Amino acid sequence: LFRSTYGNNGYSNNADIKKAADTIVIEEGITAITQQAFVGRNGGVVKELYLPSTLVSIGNIAFDDQEKLETVNLEHCTNLTSIGDTAFNYNTSLASVNFPDSLKSIGADAFYGTAITSLVLPPNLEKLGEHAFMKCESLVADAEHPLVIPKTITECATNGAFVMTPGITAVKFEDDATNIPANILVGCENITSVTIPDSVTEIED
């Protein structure tokens with residue numbers, strides 16, 4: 001058990017962190033994991049990560065290069081609203097991510113190069129950063145389990161979020177959506193099926 005008050009590279013003020021050989025547990029009460037908090041720490045050997053329900057934000061590059069991390073379950077983090085740029089970038093063993101309904105923003109390159117096999121975007125997501133899920137080569141979204149785009153998304157980066165993710169072949173825009181945001185499917189070269197509800201009145205350039 002130790003405490004950190006590192007500023008930009010810290011976990012958050014007076015954060016209590018339990019550290020085992022391949023597990024990180026961040027205690028309840030912590031609201032922010034700041035920039036570069038765990039980048040390269042423990043030699044990239046962390047396999048399990050437990051985050052508190054009180055968490056509000058995960059900063060840029062927070063868990064970058066934790067190449068042995070396999071699962072991130074955020075569903076119980078019911079206050080989490082943002083995941084920063086490159087937060088889990090090149091976590092090449094990361095096969096499973098579960099998001100809470102509270103999440104509104106996923107930053108650029110946040111899950112770039114991960115090994116996630118399926119993706120359920122949170123229902124209140126508003127912003128999807130550039131290359132957020134680029135080169136997720138194990139990700140599959142097909143006719144049986146399409147990638148569902150939440151109706152709440154209003155901003156997607158110019159160069160797209162799913163570039164070079166070849167397993168995305170089917171996309172469905174959420175029921176009651178009224179617009180399709182620009183750039184949302186840029187770089188999705190293998191799509192064979194797109195479902196657009198009758199409620200859509202605008203397709204942005």
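Predicted model: local features only at pLDDT ≥ 70, side-chain atom pairs only at ≥ 80, totals over all residues.

Me: Is Asp-64 buried or exposed?
Reply: Asp-64 has a relative accessible area of 11%. Buried means under 20%. Asp-64 therefore counts as buried.

Me: With which side chain does the side chain of Asp-64 make a polar contact?
Reply: A polar contact requires a pair of N or O atoms within 3.5 Å. The side chain of Asp-64 meets this limit at 2.9 Å, and its partner is the side chain of Asn-89.

Me: Which backbone oxygen does the side chain of Asn-91 reach, and at what distance?
Reply: Asn-91 lies in the loop between β8 (82-83) and β9 (96-98). Its relative accessible area is 0%, so Asn-91 is buried. The side chain of Asn-91 reaches the backbone oxygen of Phe-88, at 3.2 Å.

Me: Which residues have the most contacts inside the largest nonpolar core?
Reply: In soluble globular proteins, nonpolar side chains tend to be buried together. Here the largest nonpolar core has 52 residues. The elements giving two or more residues to this core are β3 (23-26), β12 (147-149) and β14 (170-173). The residues with the most contacts inside the core are Ile-58, Ile-83, Phe-88, Ile-106, Leu-128 and Phe-133.

Me: What does Phe-133 touch, not counting residues up to four places away in sequence?
Reply: Phe-133 is among the residues with the most contacts inside the core. Its partners are Phe-99, Ile-106, Phe-111, Ile-116, Leu-119, Leu-121, Leu-128, Ala-161, Phe-162 and Thr-165.

Me: What distance separates the C-alpha atoms of Cys-188 and Val-171?
Reply: Cys-188 is found in the loop between β15 (179-180) and β16, and counts as buried because its relative accessibility is 13%. Cys-188 and Val-171 are 17 residues apart along the chain, and their C-alpha atoms are separated by 10.0 Å.

Me: How much accessible area do Val-194, Ile-196 and Ile-203 have together?
Reply: Val-194 lies in strand β16 (residues 193-195) and, at a relative accessible area of 41%, is partly exposed. Val-194, Ile-196 and Ile-203 form a nonpolar patch on the surface, and their accessible area together is about 260 Å².

How values were computed
Residues numbered from 1 in each chain as written. Heavy atoms only, no water. Helix = DSSP H or I, 4+ residues; strand = E, 2+ residues; numbered from the N terminus. Buried < 20%, exposed > 50% of the residue type's maximum accessible area, 1.4 Å probe, protein only. Polar contact = N/O pair within 3.5 Å; in protein donor to acceptor, adjacent residues only side chain to side chain. Patch = residues over 30% accessible without salt bridge, like charges linked within 9 Å, V, L, I, M, F, W, Y side chains within 5 Å. Areas by Shrake-Rupley, 256 points an atom, 1.4 Å probe, with all protein chains shown as cover. Salt bridge = Lys/Arg side-chain N within 4 Å of Asp/Glu carboxyl O. Core = buried A, V, L, I, M, F, W, Y, C linked by side-chain atoms within 4.5 Å. Contact = heavy atoms within 4.5 Å.
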